[in-house]
Amino acid sequence: MIAHFLYFVLATWAFAAVVMAVVWFISYRIKNAGIIDIAWSLLFALIALSYAVCAPGWETRRWLFGAMAAIWSLRLGLHVAVRVTKLHPHEDPRYLEFREKWKKNLQLKLFVFFQVQALSVVALSAPFLIAAFNGQAGLSPWEWAGAGLWLIAVCGESLADHQLKVFKANPKNRGEVCQDGLWHYSRHPNYFFEWLAWIAYWIFALGSPLGCVTIYCPALMLYFLLRVTGIPLTERQSLKSKGEKFRSYQKTTSMFVPWPRKH
């Protein structure tokens, strides 16, 4: 069983590495590294569904968890694709920073970066694989709780993205800070609910042997969102474009967890 499990891990890694190599080549040709965000998001759907099809666990569990991961992945991937398409031919500020910082051997460094992203997808897909190997018939309370929390997370993230989209579509709001709906209670409600989805995946995995070890998945996502590519970069860009209006927003509104505003 262990050898079979490791085979799935290595096969997934090889698949993700090939996909990211192709995406890197496309990004080189179109001079836009931002497409990696689309590929990273959509890879989860492919991997989770492949586990649902091929893993030896109880079929209902495999397909339920695979469907949960695929729905989240496709929604996020399509949302990111719209954003990247709107930016084209311009590039996301994150990757402009990379180009400035990695001038020497830029494409080699971008290739390595893309491969690290492939590895991250494999590592973060561990809850899906562990659950897909569980042969126990019937869903445990942990799995029902995880599915329920996932539903809240996906609905919350979708609502936050929709509210921001509606706000930006209004020409009167140009240069203004969105404080409508969920954005009244959190400066980054979309990131909060995305992290909540990973908490849900971990809780679902607790219904399977060794599922507890996947606690690193929500922990890693929280680190990325709070310290690396999520909130820090978004806030820097907002301060550049909106200045004092965003500083005032920072003083009154929770950074991450939706919470009543300060007065």
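Biologist: Which residues line the largest cavity?
Modeller: This is a predicted model. A search of the whole structure turns up one cavity of 30 Å³ or more. About 30 Å³ of space lies in it. Its lining is made of Ala48, Tyr51, Ala52, Arg62, Phe65, Gly66, Phe128 and Ala132.

Biologist: Which elements give two or more residues to the lining of the largest cavity?
Modeller: The lining includes Ala48, Arg62 and Phe128. By class, six lining residues are nonpolar, one is polar and one is charged. The elements giving two or more residues are α2 (35–54), α3 (59–87) and α6 (126–132).

Biologist: Phenylalanine 128 is in contact with which residues, leaving aside its neighbours within four places in sequence?
Modeller: Phe128 lines the largest cavity. Phe128 is also among the residues with the most contacts inside the largest nonpolar core. Beyond its sequence neighbours, its contacts are Phe44, Ala48, Tyr51, Phe65, Ala69, Trp198 and Tyr201.

Biologist: Among contacts between residues at least 6 apart in sequence, what percentage join residues at least 24 apart?
Modeller: The C-alpha atoms fill a box of roughly 55 × 45 × 25 Å along the principal axes. Of the 263 residues, 48% count as buried. Of the contacts between residues at least 6 apart, the percentage joining residues at least 24 apart is 77%.

Biologist: How many residues of each class are in the lining of the second largest pocket?
Modeller: This pocket holds about 230 Å³ of space. Its lining residues are Met1, Ile2, Phe5, Ile130, Phe133, Asn134, Pro209 and Leu210. By class, that gives no charged residues, one polar and seven nonpolar.

Biologist: What is the C-alpha to C-alpha separation of histidine 79 and serine 158?
Modeller: Histidine 79 sits in helix α3. At 33% relative accessibility, His79 counts as partly exposed. Serine 158 is 79 residues away along the chain, yet the C-alpha separation is 9.3 Å.

Biologist: How far apart in space are leucine 151 and leucine 196?
Modeller: Leucine 151 belongs to helix α7 (residues 141–169). Leu151 counts as partly exposed, with 49% relative accessibility. Leu151 and Leu196 are 45 residues apart in sequence, and their C-alpha to C-alpha distance is 10.0 Å.

Biologist: Is lysine 31 buried or exposed?
Modeller: Most residues other than glycine have a negative phi. Lysine 31 has a positive phi of about 60°, and its place is the loop between α1 (2–30) and α2. The cut-off for exposed is over 50%. Lys31 has 62% relative accessibility, so it counts as exposed.

Biologist: Where does asparagine 105 lie?
Modeller: Asparagine 105 also has a positive phi, about 55°, although it is not a glycine. At 48% relative accessibility, Asn105 counts as partly exposed. Asn105 lies in the loop between α4 (93–101) and α5 (106–124).

How values were computed
Residues are numbered from 1 along each chain as its sequence is written. This is a predicted model: local features need pLDDT of at least 70, side-chain atom pairs count only at pLDDT 80 or more; totals for chains, interfaces and linings use all residues. Side-chain values use heavy atoms; hydrogens and water are left out. A nonpolar core is a set of buried Ala, Val, Leu, Ile, Met, Phe, Trp, Tyr and Cys residues joined through side-chain atoms within 4.5 Å. Buried means under 20% relative accessible area, exposed over 50%, partly exposed in between (1.4 Å probe, protein chains only). Contact means heavy atoms within 4.5 Å. On a 1 Å grid over the protein atoms alone, a cavity is a set of points where a 1.4 Å probe fits but cannot get out, and a pocket is an open set with protein on both sides within 12 Å along at least five of seven lines; lining residues have an atom within 4 Å of a point. Grid points are joined across faces, edges and corners, and a volume is the space filled by probe spheres set on the points. Ala, Val, Leu, Ile, Met, Phe, Trp, Tyr, Cys and Pro count as nonpolar, Asp, Glu, Lys and Arg as charged, and the others, Gly among them, as polar. Helices (H or I, at least four residues) and strands (E, at least two) are DSSP runs, numbered from the N terminus.
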